[in-house]
Amino acid sequence: MSAEPGGFVPPPYPYDRLRELEALAAEHPGGCVDLSVGTPTDPPPAAVVEALAHSGAERGYPPSIGSPAFRAAASGWMQRRLGVAIDPAQVAACIGSKEFVAGLPQWLRLRRPGRDTVLYPAVSYPTYAMGATLAGCRAVAVPVDEAFRLDCSAIGPGDAERALCLWVNTPGNPAGGLDDLAAAAAWGRAHDVPVFSDECYVEFTWDGPARTILEYGTAGVVAVHSLSKRSNLAGARVGCYAGDAELVTYLSEVRKHAGFMVAGPVQAAAVAAWEDDEHVDLQRSRYKARLARTQRILAGIDIDAPLPQGAFYLWVPAPDGDAWAFARRLASEAGVLASPGDFYGDAGRDHVRFAMVRPDEQLDLVARRLGVE
Ligand SMILES: Cc1ncc(COP(=O)(O)O)c(C=O)c1O
């Protein structure tokens, strides 16, 4: 049965567009070094895997909002690492942050049917815009400045009046910028638009301390967190959202009706992950070392790769501004797969993103293939 004219046809998934380049990179002895998807490959802590295997939580249905232990552990982590006191009643579970990002516009629209617009950074994780599309809403990109901070003054009054939410992401994917969260929260409050702050890379902040929008109060703002990157648990699917009491309650009620639940054993693993910081400090040092090393390797082929202020990506201007040509050259000369910047919006089309998720031996391979270092 085919779609009706004008009906939604899912676009190709960004990474599926890389298959040809992946095959090219795979021709190198030793295979393709995949620096395209930001999927962790380092191990999660043993105590987390232990909790996953032996929680005994697999029999009954888990609480959709998160178990009391889950919400307390997330709140304790925010207090310890981000310096904010958030009542566990203002914290709820999500099945990783992607499903939350993608589903949010439809839930917000049910609550405010007169609005239909999602505002998001012009260079960003593609799911902000896709969430709008999946809800039949408008996705309106907000320009960013040279440091990848949102230019809220560029949001027109018409778009502000129609906005269901404003997304901000800091440290940001793909460019690793640190946004002005006080300014975003203030803009949202002034315009009666909830601000959702995607902080899944918060513990990989390199310039200064980790920062959260919750430092500026919880009214009208929600921070979204994930254990995918913090604890190398992308396969377990778990995160949380926290902030404005009314919004968190509304969203958790809707999600309970829809059957969104983090698996019980995964909730137990999340408690262990949020209670431990040592593994995060180790992971930080791995990412920092790989960022510096990959920067050196690229310098060896005359590519200038600025280090990010946060997150674990290098966001690199493509020679001649042609990102796909640069990605092809990397695949054929270095056996490296990288993400062309148009995956993150038209405004990113002249850059390429490298994810620091492969072990050192794979970077050794790249250095050897290029004859650098
Ligand atoms: C900015 C940003 N937000 C959210 C996600 C989704 O992560 P997860 O669903 O694993 O929590 C990603 C994944 O790469 C991301 O880069």
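In which sense do strand 6 and strand 7 pair, parallel or antiparallel? Strand 6 (residues 195-198) and strand 7 (residues 221-226) pair in the parallel sense, over four bridges. The model is a predicted one, and its chain is assigned to domain 1 (14-43 + 278-370) and domain 2 (46-274).

- Strands of a sheet pair through backbone hydrogen bonds, either parallel or antiparallel.
- Seven strands form an open sheet in the order 2-8-7-6-5-3-4, and the pairing in this sheet is mixed.
- Strand 2 (91-94) and strand 4 (138-142) are the edge strands, each of which pairs on one side only.
- On average, neighbouring strands of this sheet are turned by 25° against each other, with direction ignored.
- Where strand 6 and strand 7 pair, Ser197 stands opposite Ala223 in strand 7.
- Helix 5 (residues 127-134) lies across strand 3 (117-121), strand 4 and strand 5 (163-169), and its direction makes an angle of about 170° to strand 3.

- Strand 9 and strand 12 (residues 351-355) run antiparallel and are joined by five bridges.
- Trp315 stands opposite Arg353, a residue of strand 12.

- The C-alpha centres of domain 1 and domain 2 are 26 Å apart.
- Domain 1 contributes 25 residues to the contact, and domain 2 contributes 25 residues.
- On the side of domain 1 that touches domain 2, helix 11 (278-299) and strand 9 (313-317) are the elements that give two or more residues.
- Helix 11 provides the largest share of this side, namely five residues.
- By class, this side of domain 1 has 13 nonpolar, nine polar and three charged residues.

**The surroundings of the ligand**

- There are 14 residues around the ligand, and those that come nearest are Gly96, Ser97, Lys98, Ser226 and Ser228.
- Helix 4 (residues 97-111) supplies the largest share of this shell, with three residues.
- The shell is made up of four nonpolar, eight polar and two charged residues.

Notes:
Residues are numbered from 1 along each chain as its sequence is written. This is a predicted model: local features need pLDDT of at least 70, side-chain atom pairs count only at pLDDT 80 or more; totals for chains, interfaces and linings use all residues. A residue is near a molecule or strand if its C-beta atom, placed from the backbone, lies within 6 Å of it. Ala, Val, Leu, Ile, Met, Phe, Trp, Tyr, Cys and Pro count as nonpolar, Asp, Glu, Lys and Arg as charged, and the others, Gly among them, as polar. Domain bounds come from an automatic or database domain assignment. Two residues are in contact if their C-beta atoms, placed from the backbone, lie within 7 Å. Two strands pair if DSSP finds at least two bridges between them. Axes are lines fitted to C-alpha atoms, for helices over the stretch in contact, and angles run from 0 to 180 degrees between N-to-C directions.
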